[in-house]
Amino acid sequence: MSAVFGLADCNNFYASCERVFDPALEGKPVVCLSNNDGCVIARSDEAKALGVKMGEPAFKLRRLSAWRAIRVFSSNFPLYGDMSRRVMATLEDFTPNLEIYSIDEAFLDLSGFGDRSLSDYGNFICAQARKRTGIPVSIGIAETKTLAKIANRIAKKEARGAVDLTASLKLRRAALAATGVGDVWGVGRRGAEMLKSHGVLTALDLSTAPQAWVRARMSVTGARTRMELGGVPCLDLESQPADRKTALVSRSFARPVETLDDLGEAVAAFAAGGAEKLRKAGLAAGSVTVFIRTNPFSKTDPQHNNAATLALPMPTNHTAAITKTALTALRRIFKADRRYKKAGVLLLDLAPQGRTGGSVQGDLFAPRTDARGGRLMTAFDEINCKFGRGTIRYAAAGLKAAGGPGKRKNWRMNQAHRSPRYTTNWNELPIVRA
DNA sequence: TCTGGGGTCCTAGGACCC
DNA sequence: TCTGGGGTCCTAGGACCC
(Lines give C-alpha, C1' and ligand atoms only; values in the text may rest on other atoms or scores of the structure.)
Protein backbone atom coordinates (compact mmCIF):
# COMPACT_ATOMS: atom_id res chain seq x y z
CA MET A 1 0.00 0.00 0.00
CA SER A 2 1.54 3.26 -1.03
CA ALA A 3 1.61 6.34 1.09
CA VAL A 4 -0.83 9.20 0.73
CA PHE A 5 -0.07 12.62 2.15
CA GLY A 6 -2.44 15.45 2.84
CA LEU A 7 -1.19 18.98 3.29
CA ALA A 8 -3.59 21.14 5.25
CA ASP A 9 -2.80 24.83 5.04
CA CYS A 10 -4.73 27.68 6.60
CA ASN A 11 -5.72 30.33 4.09
CA ASN A 12 -4.15 33.75 4.75
CA PHE A 13 -3.64 32.54 8.28
CA TYR A 14 -2.88 35.70 10.29
CA ALA A 15 -5.50 37.72 8.45
CA SER A 16 -8.01 34.92 9.01
CA CYS A 17 -7.20 34.91 12.74
CA GLU A 18 -8.00 38.62 12.98
CA ARG A 19 -11.29 37.92 11.24
CA VAL A 20 -12.28 35.26 13.72
CA PHE A 21 -12.21 37.89 16.43
CA ASP A 22 -13.89 40.58 14.37
CA PRO A 23 -16.39 39.12 11.90
CA ALA A 24 -17.03 42.63 10.58
CA LEU A 25 -13.74 42.19 8.72
CA GLU A 26 -15.33 39.55 6.50
CA GLY A 27 -15.14 40.62 2.87
CA LYS A 28 -12.80 43.52 3.66
CA PRO A 29 -9.14 43.77 2.73
CA VAL A 30 -7.06 42.80 5.78
CA VAL A 31 -3.30 43.09 6.16
CA CYS A 32 -1.02 42.01 9.02
CA LEU A 33 2.36 43.59 9.61
CA SER A 34 5.63 42.28 10.99
CA ASN A 35 7.35 43.43 14.18
CA ASN A 36 7.68 47.20 14.41
CA ASP A 37 4.97 47.32 11.76
CA GLY A 38 7.77 47.02 9.25
CA CYS A 39 6.32 45.08 6.37
CA VAL A 40 3.36 43.02 5.21
CA ILE A 41 3.38 39.37 6.34
CA ALA A 42 -0.23 38.36 5.64
CA ARG A 43 -2.99 39.52 3.32
CA SER A 44 -6.59 38.55 2.86
CA ASP A 45 -7.75 37.73 -0.67
CA GLU A 46 -9.28 41.19 -0.92
CA ALA A 47 -5.94 42.80 -0.01
CA LYS A 48 -4.16 40.67 -2.58
CA ALA A 49 -6.66 41.81 -5.17
CA LEU A 50 -5.82 45.42 -4.34
CA GLY A 51 -2.21 44.74 -5.23
CA VAL A 52 -0.72 44.48 -1.73
CA LYS A 53 2.46 42.46 -2.08
CA MET A 54 3.94 40.00 0.40
CA GLY A 55 6.88 41.55 2.25
CA GLU A 56 6.02 45.01 1.06
CA PRO A 57 7.14 47.82 3.40
CA ALA A 58 4.19 49.14 5.36
CA PHE A 59 4.79 52.76 4.35
CA LYS A 60 4.25 51.85 0.71
CA LEU A 61 0.69 50.79 1.48
CA ARG A 62 -0.25 54.43 1.63
CA ARG A 63 0.63 54.83 -1.99
CA LEU A 64 -2.16 52.47 -2.98
CA SER A 65 -5.26 54.31 -4.10
CA ALA A 66 -7.45 52.07 -1.96
CA TRP A 67 -5.28 52.16 1.13
CA ARG A 68 -7.90 53.80 3.32
CA ALA A 69 -10.11 50.79 2.82
CA ILE A 70 -7.46 48.37 4.02
CA ARG A 71 -7.67 47.21 7.62
CA VAL A 72 -4.11 47.03 8.89
CA PHE A 73 -3.08 45.03 11.98
CA SER A 74 0.10 44.80 13.99
CA SER A 75 1.04 41.16 14.43
CA ASN A 76 -0.28 39.33 17.46
CA PHE A 77 1.72 36.13 17.65
CA PRO A 78 0.31 34.84 20.93
CA LEU A 79 -3.14 34.94 19.32
CA TYR A 80 -1.94 33.24 16.14
CA GLY A 81 -0.18 30.55 18.17
CA ASP A 82 -3.35 29.83 20.08
CA MET A 83 -5.47 29.63 16.93
CA SER A 84 -2.85 27.36 15.39
CA ARG A 85 -3.14 24.93 18.30
CA ARG A 86 -6.90 24.82 17.86
CA VAL A 87 -6.65 24.08 14.15
CA MET A 88 -4.04 21.37 14.70
CA ALA A 89 -6.16 19.76 17.41
CA THR A 90 -9.03 19.57 14.93
CA LEU A 91 -6.90 18.08 12.16
CA GLU A 92 -5.56 15.49 14.56
CA ASP A 93 -9.04 14.01 14.84
CA PHE A 94 -9.01 12.97 11.19
CA THR A 95 -5.68 11.23 10.77
CA PRO A 96 -3.68 8.62 12.68
CA ASN A 97 -0.53 10.64 12.08
CA LEU A 98 0.06 14.36 11.85
CA GLU A 99 3.17 16.44 11.29
CA ILE A 100 2.86 20.05 12.32
CA TYR A 101 5.06 21.68 9.74
CA SER A 102 4.60 25.34 10.56
CA ILE A 103 2.23 27.62 12.41
CA ASP A 104 -0.38 27.26 9.67
CA GLU A 105 0.45 23.97 7.95
CA ALA A 106 0.32 20.28 8.77
CA PHE A 107 0.96 17.11 6.81
CA LEU A 108 -1.63 14.39 7.35
CA ASP A 109 -1.12 10.70 6.85
CA LEU A 110 -4.02 9.67 4.65
CA SER A 111 -2.67 6.25 3.71
CA GLY A 112 -5.30 3.59 3.86
CA PHE A 113 -8.22 5.93 3.33
CA GLY A 114 -8.49 4.85 -0.27
CA ASP A 115 -11.74 2.96 0.19
CA ARG A 116 -13.58 6.23 0.14
CA SER A 117 -13.14 9.33 -1.94
CA LEU A 118 -10.09 11.18 -0.68
CA SER A 119 -11.34 14.48 -1.96
CA ASP A 120 -14.66 13.99 -0.15
CA TYR A 121 -12.77 13.21 3.02
CA GLY A 122 -10.50 16.24 2.49
CA ASN A 123 -13.49 18.50 1.98
CA PHE A 124 -15.03 17.12 5.13
CA ILE A 125 -11.88 17.94 7.13
CA CYS A 126 -11.81 21.47 5.72
CA ALA A 127 -15.44 22.00 6.66
CA GLN A 128 -14.85 20.71 10.19
CA ALA A 129 -11.83 22.96 10.70
CA ARG A 130 -13.83 25.95 9.53
CA LYS A 131 -16.75 25.05 11.74
CA ARG A 132 -14.72 24.43 14.88
CA THR A 133 -12.14 27.22 14.60
CA GLY A 134 -13.45 29.73 12.08
CA ILE A 135 -10.28 29.41 10.05
CA PRO A 136 -10.57 28.51 6.35
CA VAL A 137 -8.33 25.58 5.48
CA SER A 138 -7.48 23.92 2.19
CA ILE A 139 -6.00 20.48 1.68
CA GLY A 140 -3.83 19.04 -1.06
CA ILE A 141 -3.67 15.26 -1.38
CA ALA A 142 -1.04 13.27 -3.24
CA GLU A 143 1.50 10.44 -3.06
CA THR A 144 4.36 12.63 -1.83
CA LYS A 145 4.74 15.72 0.30
CA THR A 146 6.00 17.77 -2.63
CA LEU A 147 3.01 16.77 -4.76
CA ALA A 148 0.67 17.46 -1.85
CA LYS A 149 2.09 20.99 -1.72
CA ILE A 150 1.28 21.42 -5.38
CA ALA A 151 -2.21 20.02 -4.88
CA ASN A 152 -2.73 22.47 -2.04
CA ARG A 153 -1.58 25.36 -4.18
CA ILE A 154 -4.16 24.43 -6.79
CA ALA A 155 -6.87 24.12 -4.15
CA LYS A 156 -6.14 27.66 -3.01
CA LYS A 157 -5.97 29.05 -6.50
CA GLU A 158 -9.27 27.51 -7.50
CA ALA A 159 -10.89 28.27 -4.15
CA ARG A 160 -11.64 24.62 -3.52
CA GLY A 161 -11.41 22.84 -0.19
CA ALA A 162 -9.51 19.75 -1.18
CA VAL A 163 -7.68 18.73 -4.33
CA ASP A 164 -6.71 15.08 -4.75
CA LEU A 165 -4.02 14.25 -7.28
CA THR A 166 -3.93 10.52 -6.58
CA ALA A 167 -6.93 9.76 -8.75
CA SER A 168 -5.05 9.55 -12.06
CA LEU A 169 -1.64 10.10 -13.59
CA LYS A 170 -3.22 12.39 -16.11
CA LEU A 171 -4.41 14.63 -13.34
CA ARG A 172 -0.96 14.75 -11.80
CA ARG A 173 0.65 15.55 -15.12
CA ALA A 174 -1.74 18.41 -15.71
CA ALA A 175 -1.04 19.79 -12.25
CA LEU A 176 2.71 19.60 -12.80
CA ALA A 177 2.42 21.25 -16.19
CA ALA A 178 0.41 24.09 -14.67
CA THR A 179 2.98 24.74 -11.92
CA GLY A 180 5.95 26.98 -12.57
CA VAL A 181 9.25 25.50 -11.49
CA GLY A 182 9.78 28.36 -9.05
CA ASP A 183 6.55 27.45 -7.28
CA VAL A 184 7.78 23.97 -6.43
CA TRP A 185 8.48 23.37 -2.75
CA GLY A 186 12.27 23.24 -2.37
CA VAL A 187 13.05 25.26 -5.47
CA GLY A 188 13.92 28.77 -4.44
CA ARG A 189 14.78 31.88 -6.37
CA ARG A 190 18.29 30.80 -7.31
CA GLY A 191 17.25 27.31 -8.26
CA ALA A 192 14.41 28.62 -10.41
CA GLU A 193 16.75 31.01 -12.23
CA MET A 194 19.19 28.24 -12.96
CA LEU A 195 16.48 25.84 -14.14
CA LYS A 196 14.79 28.40 -16.37
CA SER A 197 18.09 29.25 -18.01
CA HIS A 198 18.23 25.60 -19.07
CA GLY A 199 14.70 25.53 -20.37
CA VAL A 200 13.23 23.77 -17.34
CA LEU A 201 10.16 25.90 -16.88
CA THR A 202 7.50 23.82 -15.17
CA ALA A 203 7.30 21.25 -12.42
CA LEU A 204 6.65 18.72 -15.16
CA ASP A 205 9.92 19.66 -16.87
CA LEU A 206 11.79 19.21 -13.60
CA SER A 207 10.18 15.84 -12.96
CA THR A 208 11.42 14.56 -16.31
CA ALA A 209 14.89 16.15 -16.28
CA PRO A 210 17.74 13.61 -16.06
CA GLN A 211 18.29 12.61 -12.46
CA ALA A 212 22.09 12.89 -12.63
CA TRP A 213 21.86 16.37 -14.07
CA VAL A 214 19.53 17.51 -11.31
CA ARG A 215 21.73 15.88 -8.68
CA ALA A 216 24.85 17.60 -10.00
CA ARG A 217 23.27 21.03 -10.18
CA MET A 218 20.91 21.05 -7.23
CA SER A 219 22.52 18.65 -4.79
CA VAL A 220 20.73 15.88 -3.01
CA THR A 221 17.82 18.10 -1.98
CA GLY A 222 17.06 18.96 -5.60
CA ALA A 223 17.32 15.31 -6.58
CA ARG A 224 14.83 14.45 -3.90
CA THR A 225 12.43 17.12 -5.09
CA ARG A 226 12.61 15.74 -8.61
CA MET A 227 11.78 12.23 -7.45
CA GLU A 228 8.96 13.45 -5.26
CA LEU A 229 7.44 15.20 -8.26
CA GLY A 230 7.53 11.84 -10.01
CA GLY A 231 5.55 10.25 -7.19
CA VAL A 232 8.47 8.59 -5.39
CA PRO A 233 8.35 9.56 -1.73
CA CYS A 234 11.73 10.70 -0.37
CA LEU A 235 10.39 12.69 2.57
CA ASP A 236 8.59 10.94 5.37
CA LEU A 237 5.97 12.22 7.72
CA GLU A 238 7.76 13.33 10.89
CA SER A 239 5.26 13.29 13.68
CA GLN A 240 7.89 13.58 16.42
CA PRO A 241 9.31 17.08 16.37
CA ALA A 242 13.08 17.02 16.80
CA ASP A 243 14.79 19.05 19.47
CA ARG A 244 15.64 22.49 18.27
CA LYS A 245 19.25 23.01 17.28
CA THR A 246 19.46 26.79 17.48
CA ALA A 247 17.44 29.58 19.00
CA LEU A 248 17.48 33.13 17.74
CA VAL A 249 16.20 36.37 19.19
CA SER A 250 16.67 39.35 16.95
CA ARG A 251 15.00 42.64 16.16
CA SER A 252 15.23 45.49 13.74
CA PHE A 253 15.40 48.80 15.54
CA ALA A 254 12.78 51.44 14.86
CA ARG A 255 15.59 53.97 14.57
CA PRO A 256 19.30 53.42 14.20
CA VAL A 257 21.27 52.63 17.36
CA GLU A 258 24.72 54.16 17.59
CA THR A 259 26.24 53.64 21.02
CA LEU A 260 27.64 50.55 22.66
CA ASP A 261 25.47 51.21 25.68
CA ASP A 262 22.24 51.27 23.71
CA LEU A 263 23.24 48.26 21.68
CA GLY A 264 24.24 46.46 24.88
CA GLU A 265 20.85 47.09 26.37
CA ALA A 266 19.16 45.53 23.37
CA VAL A 267 21.52 42.57 23.26
CA ALA A 268 21.01 41.93 26.98
CA ALA A 269 17.26 41.84 26.42
CA PHE A 270 17.68 39.40 23.51
CA ALA A 271 19.95 37.21 25.63
CA ALA A 272 17.36 37.11 28.41
CA GLY A 273 14.64 36.22 25.91
CA GLY A 274 16.79 33.48 24.43
CA ALA A 275 17.58 32.01 27.85
CA GLU A 276 13.90 31.90 28.65
CA LYS A 277 13.14 30.13 25.39
CA LEU A 278 15.70 27.50 26.29
CA ARG A 279 14.30 26.99 29.77
CA LYS A 280 10.81 26.52 28.36
CA ALA A 281 12.09 23.89 25.96
CA GLY A 282 14.32 22.20 28.53
CA LEU A 283 17.40 22.99 26.48
CA ALA A 284 20.81 24.47 27.21
CA ALA A 285 23.18 26.41 24.96
CA GLY A 286 26.86 25.67 24.51
CA SER A 287 27.75 28.87 22.72
CA VAL A 288 26.41 32.28 21.83
CA THR A 289 26.62 34.27 18.62
CA VAL A 290 25.91 37.99 18.58
CA PHE A 291 25.43 39.79 15.30
CA ILE A 292 24.88 43.43 14.45
CA ARG A 293 24.20 45.08 11.15
CA THR A 294 23.58 48.49 9.71
CA ASN A 295 20.64 49.33 7.49
CA PRO A 296 21.20 47.58 4.16
CA PHE A 297 18.56 49.76 2.52
CA SER A 298 20.41 52.96 3.29
CA LYS A 299 22.24 54.37 0.33
CA THR A 300 24.17 56.91 2.40
CA ASP A 301 25.21 55.22 5.65
CA PRO A 302 28.49 53.31 5.70
CA GLN A 303 27.71 49.62 6.06
CA HIS A 304 28.94 47.32 8.76
CA ASN A 305 27.95 43.73 9.47
CA ASN A 306 29.68 41.62 12.03
CA ALA A 307 29.21 38.65 14.29
CA ALA A 308 31.13 36.84 17.00
CA THR A 309 30.63 33.43 18.53
CA LEU A 310 31.82 32.62 22.03
CA ALA A 311 31.61 29.31 23.83
CA LEU A 312 29.91 29.35 27.19
CA PRO A 313 32.02 27.98 30.04
CA MET A 314 29.48 25.19 30.30
CA PRO A 315 26.10 24.49 28.65
CA THR A 316 23.52 26.68 30.32
CA ASN A 317 20.18 28.38 30.05
CA HIS A 318 20.79 30.87 32.83
CA THR A 319 20.09 34.45 31.87
CA ALA A 320 23.10 35.90 33.69
CA ALA A 321 25.66 33.59 32.11
CA ILE A 322 24.28 33.98 28.60
CA THR A 323 23.96 37.75 28.92
CA LYS A 324 27.51 38.13 30.16
CA THR A 325 28.94 36.15 27.26
CA ALA A 326 26.71 37.93 24.75
CA LEU A 327 27.92 41.33 25.95
CA THR A 328 31.54 40.21 25.69
CA ALA A 329 30.88 39.14 22.11
CA LEU A 330 29.18 42.44 21.38
CA ARG A 331 32.16 44.44 22.64
CA ARG A 332 34.35 42.56 20.22
CA ILE A 333 32.36 43.43 17.15
CA PHE A 334 31.01 46.88 17.92
CA LYS A 335 32.35 49.66 15.75
CA ALA A 336 31.80 53.29 16.71
CA ASP A 337 30.35 55.73 14.19
CA ARG A 338 28.05 53.17 12.69
CA ARG A 339 24.28 53.37 12.76
CA TYR A 340 23.04 49.88 13.58
CA LYS A 341 19.61 48.84 12.45
CA LYS A 342 19.43 45.26 13.57
CA ALA A 343 20.99 42.99 16.17
CA GLY A 344 20.43 39.54 17.52
CA VAL A 345 21.59 36.77 19.80
CA LEU A 346 21.83 33.28 18.38
CA LEU A 347 22.14 30.41 20.83
CA LEU A 348 23.99 27.39 19.49
CA ASP A 349 24.94 23.83 20.36
CA LEU A 350 21.61 23.27 22.04
CA ALA A 351 21.31 20.01 23.88
CA PRO A 352 18.69 18.64 26.22
CA GLN A 353 19.47 19.89 29.66
CA GLY A 354 21.72 17.53 31.53
CA ARG A 355 23.26 16.03 28.44
CA THR A 356 26.22 17.78 26.95
CA GLY A 357 26.74 15.78 23.83
CA GLY A 358 29.50 13.39 22.96
CA SER A 359 29.79 10.95 20.11
CA VAL A 360 28.96 7.32 19.69
CA GLN A 361 30.73 4.88 17.45
CA GLY A 362 29.80 1.42 16.45
CA ASP A 363 29.34 -0.89 13.54
CA LEU A 364 29.61 0.29 10.02
CA PHE A 365 26.22 1.17 8.72
CA ALA A 366 25.90 1.59 5.01
CA PRO A 367 22.37 0.82 3.88
CA ARG A 368 21.90 -0.44 0.40
CA THR A 369 18.16 -0.69 0.28
CA ASP A 370 15.59 1.68 1.62
CA ALA A 371 12.55 0.94 3.71
CA ARG A 372 10.48 0.32 0.62
CA GLY A 373 12.94 -2.18 -0.75
CA GLY A 374 14.29 0.13 -3.42
CA ARG A 375 18.00 0.22 -4.10
CA LEU A 376 19.73 3.27 -2.74
CA MET A 377 22.11 5.29 -4.80
CA THR A 378 25.69 4.61 -3.83
CA ALA A 379 28.48 7.10 -3.76
CA PHE A 380 30.07 5.46 -6.78
CA ASP A 381 26.88 5.88 -8.74
CA GLU A 382 27.20 9.54 -7.98
CA ILE A 383 30.85 9.74 -8.93
CA ASN A 384 30.07 8.13 -12.23
CA CYS A 385 27.27 10.64 -12.71
CA LYS A 386 29.66 13.46 -12.15
CA PHE A 387 32.87 12.46 -13.84
CA GLY A 388 32.03 9.49 -15.96
CA ARG A 389 33.81 6.18 -15.70
CA GLY A 390 37.54 6.20 -16.31
CA THR A 391 38.15 9.87 -15.79
CA ILE A 392 38.57 9.73 -12.05
CA ARG A 393 42.10 10.16 -10.79
CA TYR A 394 41.16 10.51 -7.18
CA ALA A 395 37.86 10.46 -5.46
CA ALA A 396 36.65 10.29 -1.96
CA ALA A 397 33.07 9.39 -1.42
CA GLY A 398 31.53 10.03 1.93
CA LEU A 399 28.43 8.18 2.89
CA LYS A 400 26.42 9.61 5.69
CA ALA A 401 24.46 6.88 7.35
CA ALA A 402 20.98 7.26 8.68
CA GLY A 403 22.24 7.85 12.19
CA GLY A 404 20.94 6.44 15.38
CA PRO A 405 22.85 5.27 18.40
CA GLY A 406 25.50 2.72 17.71
CA LYS A 407 25.81 3.69 14.10
CA ARG A 408 28.99 5.06 12.73
CA LYS A 409 28.40 8.44 11.20
CA ASN A 410 30.52 8.36 8.11
CA TRP A 411 31.99 5.87 5.77
CA ARG A 412 34.47 7.11 3.25
CA MET A 413 36.25 5.27 0.54
CA ASN A 414 39.20 6.70 -1.29
CA GLN A 415 39.95 5.40 -4.74
CA ALA A 416 42.55 6.16 -7.35
CA HIS A 417 44.51 9.33 -6.91
CA ARG A 418 44.93 13.03 -7.36
CA SER A 419 42.26 15.64 -7.00
CA PRO A 420 39.55 16.62 -7.43
CA ARG A 421 38.43 15.14 -4.22
CA TYR A 422 34.77 14.44 -4.49
CA THR A 423 32.66 14.03 -1.45
CA THR A 424 29.02 13.36 -1.38
CA ASN A 425 26.66 12.68 1.42
CA TRP A 426 24.54 9.65 1.73
CA ASN A 427 21.01 10.71 2.10
CA GLU A 428 18.66 7.92 1.33
CA LEU A 429 18.02 8.81 -2.22
CA PRO A 430 15.96 5.99 -3.64
CA ILE A 431 16.62 4.80 -7.14
CA VAL A 432 13.72 3.56 -9.14
CA ARG A 433 14.61 0.97 -11.70
CA ALA A 434 12.60 0.72 -14.81
C1' DT B 1 11.11 58.87 7.66
C1' DC B 2 9.39 54.06 7.39
C1' DT B 3 11.84 47.48 4.50
C1' DG B 4 10.37 40.86 9.79
C1' DG B 5 11.84 36.99 12.64
C1' DG B 6 13.05 32.24 13.22
C1' DG B 7 14.59 28.11 11.53
C1' DT B 8 16.98 23.76 8.75
C1' DC B 9 20.09 21.43 5.66
C1' DC B 10 23.99 20.81 2.27
C1' DT B 11 28.69 21.39 0.53
C1' DA B 12 33.56 22.17 0.37
C1' DG B 13 37.50 22.18 2.64
C1' DG B 14 40.62 22.24 6.56
C1' DA B 15 42.56 20.39 10.95
C1' DC B 16 43.76 16.61 13.18
C1' DC B 17 44.08 11.66 14.61
C1' DC B 18 46.06 6.75 13.96
C1' DT C 1 51.94 7.22 -15.30
C1' DC C 2 52.71 7.35 -10.18
C1' DT C 3 49.86 8.66 -5.55
C1' DG C 4 48.38 6.36 1.58
C1' DG C 5 43.95 5.02 3.72
C1' DG C 6 40.52 5.60 6.97
C1' DG C 7 38.18 8.37 10.21
C1' DT C 8 36.14 12.49 13.09
C1' DC C 9 34.99 17.13 13.81
C1' DC C 10 34.47 21.83 12.67
C1' DT C 11 33.32 26.02 9.95
C1' DA C 12 31.74 29.32 6.51
C1' DG C 13 28.69 30.27 3.16
C1' DG C 14 24.76 29.36 0.47
C1' DA C 15 20.05 28.05 -0.28
C1' DC C 16 15.70 27.17 1.18
C1' DC C 17 11.50 27.19 4.17
C1' DC C 18 7.36 29.52 6.77
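This is a predicted model: local features need pLDDT of at least 70, side-chain atom pairs count only at pLDDT 80 or more; totals for chains, interfaces and linings use all residues.

I began with the phosphates of DNA strand B and found one of their oxygens 2.7 Å from a polar backbone atom of Ser252, a polar contact being a pair of N or O atoms within 3.5 Å, where pairs within protein also need one atom able to donate a hydrogen and the other to accept it, and residues adjacent in sequence count only if both atoms are side-chain atoms. Side chains reach phosphate oxygens of DNA strand B too: an N or O atom of Arg224 is 3.3 Å from one, and an N or O atom of Lys277 is 3.4 Å from one.

I then listed the elements that give two or more residues to the surface near DNA strand B, and they are helix H10 (211-229), strand E9 (247-257) and strand E12 (340-348); helices (H or I, at least four residues) and strands (E, at least two) are DSSP runs numbered from the N terminus. E9 gives the largest share, six residues.

Around DNA strand B I have 28 residues, of which Arg244, Lys245, Leu248, Ser250 and Lys341 come nearest, where near means that a heavy atom of the residue lies within 4 Å.

Residues are numbered from 1 along each chain as its sequence is written, chains are lettered from A and ligands numbered from 1 in the order written, and side-chain values use heavy atoms, without hydrogens and water.

For pLDDT, the predictor's confidence in each residue from 0 to 100, chain A averages 85, and 81% of the residues score at least 70. I marked residues 355-373, where pLDDT stays under 50 and the model has 29 contacts beyond four places in sequence, a contact meaning heavy atoms within 4.5 Å.

Lastly I looked up the largest nonpolar core, which has 34 residues, with Phe13, Leu91 and Leu108 among those with the most contacts inside it; such a core is a set of buried Ala, Val, Leu, Ile, Met, Phe, Trp, Tyr and Cys residues joined through side-chain atoms within 4.5 Å, and buried means under 20% relative accessible area (1.4 Å probe, protein chains only). H4 gives the largest share of this core, six residues.

Definitions and conventions
Buried means under 20% relative accessible area, exposed over 50%, partly exposed in between (1.4 Å probe, protein chains only).
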